[in-house]
Each structure stands twice: as C-alpha cells, then as structure tokens.
Amino acid sequence: RVSPRIGTTASSATPTPDADAHDQYNVTALATGATFGAPTGTPTDGQPLKLRIKDNGTARTLAFNAAYRALGATLPTTTVINKTVYIGCLWNAADSKWDVVSVAQET
C-alpha cells in the first residue's frame, strides 16, 4: 500500500495545502470562515489533492482561491454542521489550475 501524506490543521481562516508535502489536507474543527489558499509547492500534471473539511459545530463559510476551478462539481460555499465534506482536485499543468472533479458531503 502507499500511505498518503496528510496535512492537518484544526482551524484557519486561510488553510493552504502544500502540494509537495500533502496528498490530503484535513481541516478538523473549522472555527471561522475560510478561504482556501492556492496550494504551495510544485505539483506535477495530474497530481491529485484531496481536501477534507469539518466545522466545529457551527456552519462556516467557505471560499476558494482562483487556483481552484470546478469541473463537473460545485464547490461548497458553507459547511454543514458537524458533517464532513471531501473535495477532490487534480492539477492541470496546461492551465495552472487545481481542477475540482468531485465533492462529496456526509449525509
């Protein structure tokens, strides 16, 4: 098996994954509205990145840097209280964008 590289923060107003160090970036108890920053690092074409977000029991607003581009999925604008959401992205080197290809919300 290949163990994914996980980055984690409890809460941040500007959570920013590191594409060189993280395959998945977890926000475990979001306590403020957040704008996800463009991932740092030097990704390779087609590189995946997953975001996992959960609030701290209060719905929080979500926004995303222009580096994230929704393709066939709609980026969430708020968390759902105590529910986990996953956002799946792929690096598109031709367009210098993180193409968001999936969003899954816990029911």
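Which residues have the most contacts inside the largest nonpolar core? They are Phe 36, Leu 51, Ile 53, Phe 64, Tyr 68, Ile 87 and Trp 98, and the core has 21 residues. A nonpolar core is here a set of buried Ala, Val, Leu, Ile, Met, Phe, Trp, Tyr and Cys residues joined through side-chain atoms within 4.5 Å. Buried means under 20% relative accessible area, exposed means over 50%, and partly exposed lies in between (1.4 Å probe, protein chains only).

The model is predicted: local features need pLDDT of at least 70, side-chain atom pairs count only at pLDDT 80 or more, and totals for chains, interfaces and linings use all residues. Residues are numbered from 1 along each chain as its sequence is written, and side-chain values use heavy atoms, with hydrogens and water left out.

Two or more core residues come from each of β2 (24–30), β3 (34–36), β4 (48–55), β5 (62–64), β7 and β8. Strands (E, at least two residues) and helices (H or I, at least four) are DSSP runs, numbered from the N terminus. β7 gives the largest share of the core, four residues. In soluble globular proteins, nonpolar side chains tend to be buried together.

Ile 53 illustrates the packing. Not counting residues up to four places away in sequence, Ile 53 touches Val 27, Leu 30, Phe 36, Leu 62, Thr 79, Lys 83, Thr 84, Val 85 and Ile 87. Contact means heavy atoms within 4.5 Å.

Strand β2 is largely enclosed by the rest of the structure, because five of its seven residues are buried. Two parallel pairings involve β2. Strand β1 (residues 6–9) pairs with β2 over four bridges, in the parallel sense. Here Gly 7 has Tyr 25 of β2 as its bridge partner. β2 also pairs with β4, again in the parallel sense, over five bridges. Strands count as paired if DSSP finds at least two bridges between them.

Strand β8 (97–105) has pairings of both senses. With β6 (68–70), β8 pairs in the parallel sense over three bridges. Ala 70 stands opposite Val 100 in β8. With β7, β8 pairs in the antiparallel sense over eight bridges. Tyr 86 stands opposite Ala 104 in β8.

β7 and β8 form a hairpin with four residues between them. Ser 96 lies in the loop between these two strands. Its phi is positive, near 50°, although Ser 96 is a residue other than glycine. Ser 96 counts as partly exposed because its relative accessibility is 45%. Asn 82 also has a positive phi, of about 60°, and is not a glycine. Asn 82 lies in the loop between β6 and β7. At 42% relative accessibility, Asn 82 counts as partly exposed. Most residues other than glycine have a negative phi.

Asn 92 lies in strand β7 (residues 85–92). Asn 92 counts as buried because its relative accessible area is 16%. Its side chain reaches the backbone nitrogen of Ala 94 at 3.1 Å. Leaving aside neighbours within four places in sequence, Asn 92 is in contact with Asp 45, Arg 69, Lys 97 and Asp 99.

Terms used. A polar contact is a pair of N or O atoms within 3.5 Å; within protein, one must be able to donate a hydrogen and the other to accept it, and residues adjacent in sequence count only if both atoms are side-chain atoms.
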